[in-house]
Amino acid sequence: MTQAGASSPAAARRIAIWLLVMCGLVALMIIVGGATRLTDSGLSITEWRPVTGAIPPLNEAHWLSEFEKYKTIPEYEEVNYGMTLQEFKAIYWWEWGHRFLGRLIGIAFLVPMVVFMATGQVKKPLALKLLGLFVLGGLQGVLGWWMVSSGLADRVDVSQYRLAAHLSLAVIVFAAQFWLALDLWPVKTLVVEPKLRIGAIALSIGIFAQMILGAFVAGLRAGRTFNTWPLMDGKIIPDGYFTAHPRFHDLFETMAAVQFNHRLGAYLLAGAVLWFWLAARNSTLKRRTNMLAAMIGLQILLGIWTVLAATPIGLGLAHQAGAILVFAASLYVTHGARDHSG
């Protein structure tokens, strides 16, 4: 029996393994992107050179040239004025590594895809899906530069809205690859009630939204403020929340607001997963749901620890990695709950 557009079950399994490897690379890309934010490295490379940019500075003259370019942007003038060349190299390597990993992911996707297609292991519907994924990956590179460009002229950092958009597309690419891999991997069909199917979809959407709320926290460096829990500066709702004109304007503009939003999202997810766990405890989704509930609980505890510790790099990246794992677990649950009729 063929699987999801592959020429044979064996081909389906090979393609699924490749897609899961790609998921791992995209997850790593997201984590390295988080590191560039936490180390304030994202604006260290001020040009977008998709091909020649793969080669880092090779001598002192090249390094000095890159450093001089960095000195022309507001971040250097207002935040890092007087930094040494060695300090510049430290942030440069983070951003260069992030961009290089993006190029590596493109090659790691393109070459196997071409091989699978050339050897007849992929049928047309699946081939179109893979091509769509490749295009999305290319758009992610363009979106990344659009994000970086927002911090090169009138700001000392990138726009939190563009950062959230950049992360959103990365997570969508991850989800699409993971879902397609699950389609290709032969598993036992689960019979699930419609309410659980809807609940699983809602959970996945909620976890995705919570990840994007986290991007706003990262964009405004809000994780290094209000480092108490459960209260924020002694209050449940911080001062000034939802008071701008128009009122919705401050929801993503202040550190207090974006951190409160992220905390509120965590509480809502905790309640939602508790309901889903109770509803699914006697269903065929029980094992998958147990895994998801445990992972969300651990992720919330890790988030609290990260806030109390004022978001050191190690904990910040661990929390981001945990979010990706939780999202993957939610997709695993949702995939098992999908409608098999027809």
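Helices here are DSSP runs of H or I, at least four residues long, numbered from the N terminus. With that in hand, let's walk through this predicted model.

**Stop one: the loop between α7 and α8**

Select Asp233, which sits in the loop between α7 and α8. Its phi is near 55 degrees, a positive value for a residue other than glycine. Is Asp233 buried or exposed? Asp233 has a relative accessible area of 56%, and exposed means over 50%, so this residue counts as exposed.

Stay in this loop and pick Pro230, which lies between α7 (194-219) and α8. Show the backbone here: the peptide bond from Trp229 to Pro230 is cis, with omega near 10 degrees.

**Stop two: the loop between α1 and α2**

Now jump to Asp40, in the loop that runs between α1 (9-38) and α2 (60-70). Asp40 also has a positive phi, near 55 degrees, and is not a glycine. What is the relative accessible area of Asp40? The value is 27%, so Asp40 is partly exposed.

**Stop three: Glu95 on α4**

Next, select Glu95 in helix α4, residues 85-118. Its relative accessibility is 4%, and therefore this glutamate counts as buried. Display the neighbours around Glu95: leaving aside residues up to four places away in sequence, it touches Thr36, Ser41, Gly42, Ser44, Ile45 and Val148.

**Stop five: the largest nonpolar core**

In soluble globular proteins, nonpolar side chains tend to be buried together. To explore the largest nonpolar core, which has 45 residues, begin with the members that touch the most others: Ile30, Phe174, Ile207, Phe276, Leu285, Leu292 and Phe327. The elements giving two or more residues to this core are α1, α6 (160-184), α7, α8, α9 and α10 (313-336). Which of them gives the largest share? That is α6, with 10 residues.

Zoom in on Phe327 and show its contacts. Beyond residues up to four places away in sequence, Phe327 touches Val171, Phe174, Ala175, Ser204, Ile207, Phe208 and Met211. Apart from this core lies another, of 24 residues, with Ala6, Ala16, Met113 and Leu133 among them.

**Last stop: Leu285**

Return to the largest core and select Leu285, another of the members that touch the most others. Where does Leu285 sit? Look in the loop between α8 (255-280) and α9 (286-308). Leu285 is buried because its relative accessibility is 0%.

Now bring up its partners. Setting aside residues up to four places away in sequence, Leu285 touches Leu190, Val192, Leu196, Phe276, Ala280, Val333, Gly336 and Ala337. Among these, Phe276 is also one of the core members that touch the most others. To finish, draw a distance from the C-alpha of Leu285 to that of Val333: the two residues are 48 apart in sequence and 7.0 Å apart in space.

Note on methods:
Residues are numbered from 1 along each chain as its sequence is written. This is a predicted model: local features need pLDDT of at least 70, side-chain atom pairs count only at pLDDT 80 or more; totals for chains, interfaces and linings use all residues. Side-chain values use heavy atoms; hydrogens and water are left out. Buried means under 20% relative accessible area, exposed over 50%, partly exposed in between (1.4 Å probe, protein chains only). Contact means heavy atoms within 4.5 Å. A nonpolar core is a set of buried Ala, Val, Leu, Ile, Met, Phe, Trp, Tyr and Cys residues joined through side-chain atoms within 4.5 Å.
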